[in-house]
Structure formats: C-alpha cells, structure tokens
Amino acid sequence: MSKIFIIGLPRTGTTSICHAFLEFGIATAHTAYTQACFNKATAIADTPVFNDYQQLDKHYPGSKFIYLTRDFSAWLPSIRQLLTRMHTNLTRPDGGFNIHIKRCYLNTFIDFSLENIQSDSYLAQCYNSHYQQAADYFKHREHDFLAIDIAKPNSINALKHFLGINSDLADFEKMNMGGKVTAWNDIKHPLKIESTAKGRIDKFLPYSA
C-alpha cells in the first residue's frame, strides 16, 4: 500500500501539515511506533520517518515523500529548545524515550551533546546534511518527492497539486508556536491515528521486521 511520508526534521511544521491532511480527509499519524499505526495511517510524519525514509521507500513502493524546510532564523532557536528539553531522556541508559525516538534523533543529530546543541553551526550542519541526503536519494524522482516551506505563500497549493488533492483549504494552520509541542495531542478528529497502543510501542516496525 502506498503512503504519504512527511520526512522533514522536527520543528519544521510537521504538526501543521498533519492537521491539513486530516482536513483533506486522510488518515494521519504524527509519529508512529506500532505496526498497527503504520497499517491504519495513510500519512505519517516525524519520528521515525524522518530517519527511516529510505527503508520506507522500499517497503511501501509508490509512496510520496514530503520534505519540510524552514528558514534557519526560525528553526535554530526552536530545535535548540526542543533538543535541550529532550537531552536527558535521549541520552540516559536506563529508560527515557522509546527506542525508535532515541535511534532516530541520535542518528540524525550525530555527536549529540548539550554543548553542540548550543552551536548554530552544529545544528545547521545536521539540517543541511539531512536535507542533502534526502534530495540526493530522491534525485530525478520529482513525482515522488516534494520540498516545501509551509510558511511560504502557495505552499499549500504546491502540496495539493503534488498529491492530486482537490480541497478548499487555503493555508496551513500555524500550530505549536512559541516552543509548544503539544498541539497534536489536543486535536480531536476521527481520522487521527494514535502512534502507540495505549502507550506501548512495537520493537519491530513493518519495514524492519
């Protein structure tokens, strides 16, 4: 079954685009940590897809991949705040975040440390490396890969054109502003797919089993 994967890094507008997919009438998960979630959702964002998109491309042939970009002046302070809050649970050996979150973040943000998080050049290098790898991977596959900045005019139209969606939705709703990261939890929608099974995850996901 083909899917839609939003593979931009955290703090690039993943919640806003997931909300748009719900408005399009598409079953959507913002993060996915169970096989059931991958089976039920058509569109999936954030962890683990921003790290695992190449495996997902092979496991779900014919899928579409959307890369979210964001201006550095907005992204750097936002991702720094998020990573600083996450640091303890990402690095502690005796628990913390689940295995998929740890694997994806520590693979994408190599040499992860509180000192590096404070460095603009470190964060910019992680961002640029991630984007370039995705752009190189999907090179000459313009029907499968779209990069947009949801803050830019006409980005919603570019998305609808890319996916062949007919919708009156005129713009993305700006969510999780001011460092907040909980907007998705507050959304009530019948097509919203839960990322876990009542808090539990699967060790193996469909493309890794």
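Colleague: What percentage of the 209 residues in the protein do buried residues make up?

Modeller: Buried residues account for 52% of the 209, where buried means under 20% relative accessible area, exposed over 50% and partly exposed in between, with a 1.4 Å probe and protein chains only. This is a predicted model, in which local features need pLDDT of at least 70, side-chain atom pairs count only at pLDDT 80 or more, and totals for chains, interfaces and linings use all residues. Residues are numbered from 1 along each chain as its sequence is written, and side-chain values use heavy atoms, leaving out hydrogens and water.

Colleague: Why is Asn51 called buried?

Modeller: Its relative accessibility is 15%, so Asn51 counts as buried. Asn51 is found in helix H3; helices are DSSP runs of H or I with at least four residues, strands are E runs of at least two, and both are numbered from the N terminus. Leaving aside residues up to four places away in sequence, Asn51 touches Arg103, Cys104, Asn107 and Thr108, a contact being heavy atoms within 4.5 Å.

Colleague: What makes the protein as compact as a globular protein of its length?

Modeller: First, the layout: the protein has nine helices and five strands. The radius of gyration is 16 Å, close to the 17 Å from the globule rule for 209 residues, so the protein is as compact as a globular protein of that length. That radius is taken over C-alpha atoms, and the rule is 2.2 Å times the number of residues to the power 0.38.

Colleague: How do you know that the buried residues of H8 are on the same side?

Modeller: In helix H8 (residues 155–163), the buried residues are Ser155, Ile156, Leu159, Lys160, Phe162 and Leu163. They cover an arc of only 160 degrees around the axis, which puts them on the same side of H8; the arc is that of the directions from the helix axis to the C-beta atoms. They pack against strand S1 (4–6), helix H1 (14–24), S4 and strand S5 (145–148).

Colleague: Which residues touch the most other members of the largest nonpolar core?

Modeller: Of its 41 residues, those are Phe5, Ile7, Phe38, Tyr105 and Phe109. A nonpolar core is a set of buried Ala, Val, Leu, Ile, Met, Phe, Trp, Tyr and Cys residues joined through side-chain atoms within 4.5 Å. Ile7 touches residues including Val49, Phe65, His130 and Phe145, not counting residues up to four places away in sequence. A second, separate core of 25 residues includes Ile6, Cys18, Leu22 and Met175.
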